[in-house]
Amino acid sequence: MAGDSSKINGTRQVSSTLQSYLFLYNASMAIAYLVVFAKLVSPLFSSSFAQLYTTTAYADVGWLLNSIFAFALLEVLHGVCGWTGTPLLVGLLQQGGRFTILHIVIGKVLEVHDSPTVFWLFLVWSAIELVRYPFYLLSIINACPRFWVRLRYNLPLVLFPLGLFFEAKILYESLPFIREHKLYAFPMPNVLNFSFDFFTFGTFVLWMYPLISIFMFSSAFALRKRKLVPRADIKRD
């Protein structure tokens, strides 16, 4: 019995530690995205919405988003370990895709730093996460109100397509400069006997965005149906 009791207490301790970790992680991410959102919209308020976007979004919050996205890669690990319900492919496409667009594309192509597309992309990203992370946070302590649950599963149906559109648009704007500066190009011959052209790869990814969008939207819609539609209705369908 002593051994069984020890095992139970150890399991509870692990569960409590994991819950505390996930609580702190989601709280930190929610606060970080709130700062990003505030930095993006505050210039609009100060100018009385004389214009609906800024051209300094990357300079204002790019450094912060780079840090956030680096930490957000942990969410792929969370899913693999079974700590969250995020499917591996969805996590890789969402977090890996965002990190690539921000760090590898926008971060290296100086000519698009002042593009209005960057502002709208950052705004959509932060709006999505300002709902998602507080939802996770409140769910951990069983205090999430019903209206926030509905917001969590309905908002992505609007914002995911917008986010993917702006990701594709900034990639499209960056491709000519990627080709001009030969960014991430490794022509033959070389020591590794391997060639890679990021312009060609980026063009391929751009053509794949419609399929990626369909997959991400379908995943979001299926998740909404599982979480919000009563089981009896699902059976009748």
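Which residues lie nearest the centre of the second largest pocket? Here is a friendly walk through the structure, with that answer in the first point.

This is a predicted model, in which local features need pLDDT of at least 70 and side-chain atom pairs count only at pLDDT 80 or more, while totals for chains, interfaces and linings use all residues. Residues are numbered from 1 along each chain as its sequence is written, and side-chain values use heavy atoms, with hydrogens and water left out.

1. **The second largest pocket.** Leu 93, Gly 97, Val 205, Tyr 209 and Ile 212 lie nearest its centre, out of 28 lining residues. A pocket is found on a 1 Å grid over the protein atoms alone, as an open set of points with protein on both sides within 12 Å along at least five of seven lines; a cavity is a set of points where a 1.4 Å probe fits but cannot get out, and lining residues have an atom within 4 Å of a point. The space in this second largest pocket comes to about 560 Å³, where grid points are joined across faces, edges and corners and a volume is the space filled by probe spheres set on the points.

2. **What lines the second largest pocket.** Helices α4, α5, α7 and α8 each supply at least two lining residues, and α4 has the largest share, with 10 residues. Helices here are DSSP runs (H or I, at least four residues), numbered from the N terminus. By class, the lining of this pocket has 20 nonpolar, six polar and two charged residues. For these classes, Ala, Val, Leu, Ile, Met, Phe, Trp, Tyr, Cys and Pro count as nonpolar, Asp, Glu, Lys and Arg as charged, and the others, Gly among them, as polar.

3. **The largest pocket.** About 810 Å³ of space lies in the largest pocket. Its lining has 33 residues, and those nearest the centre are Gly 85, Thr 86, Tyr 136, Arg 152 and Leu 223. Two or more lining residues come from each of α1 (2-46), α3 (74-80), α4, α5, α6 (146-154), α7 and α8 (198-228). Helix α8 gives the largest share, seven residues. The lining of the largest pocket divides into 18 nonpolar, 10 polar and five charged residues.

4. How many cavities of 30 Å³ or more does a search of the whole structure find? The search finds one, and the largest cavity has a volume of about 30 Å³. Ile 128, Val 131, Arg 132, Arg 152, Leu 155 and Pro 156 line the largest cavity, with α5 giving the most, three residues. Four of the lining residues are nonpolar, none polar and two charged.

5. **Salt bridges around Glu 129.** Four salt bridges turn up in a search of the whole structure; the term means a side-chain nitrogen of Lys or Arg within 4 Å of a carboxyl oxygen of Asp or Glu. In one of them, the side chains of Glu 129 and Arg 98 meet at 2.4 Å, N to O. This pair links distant parts of the chain, since Glu 129 is in helix α5 (residues 116-140) and Arg 98 in helix α4 (residues 88-106), 31 residues apart. Glu 129 also forms a salt bridge with Arg 132 (2.6 Å, N to O). Because Glu 129 and Arg 132 are three residues apart in helix α5, about one helical turn separates them. Glu 129 and Arg 98 are both buried, and Arg 132 is buried as well; buried means under 20% relative accessible area, exposed over 50%, and partly exposed in between (1.4 Å probe, protein chains only).

6. Glu 173 and Lys 169 meet through their side chains in a salt bridge (2.7 Å, N to O). Both lie in helix α7 (residues 156-181), four residues apart, about one turn of the helix. Lys 169 has 33% relative accessibility, so this residue counts as partly exposed. Salt bridges that share partners also join Glu 75, Arg 98, Glu 129 and Arg 132 into one network.

7. **The course of α7.** Helix α7 bends by about 35° at Ser 174, and a proline, Pro 176, follows within four residues. The bend at a residue is the angle between axes fitted to the seven residues ending there and the seven starting there. After α7 comes Lys 182, whose phi is positive, near 55°.
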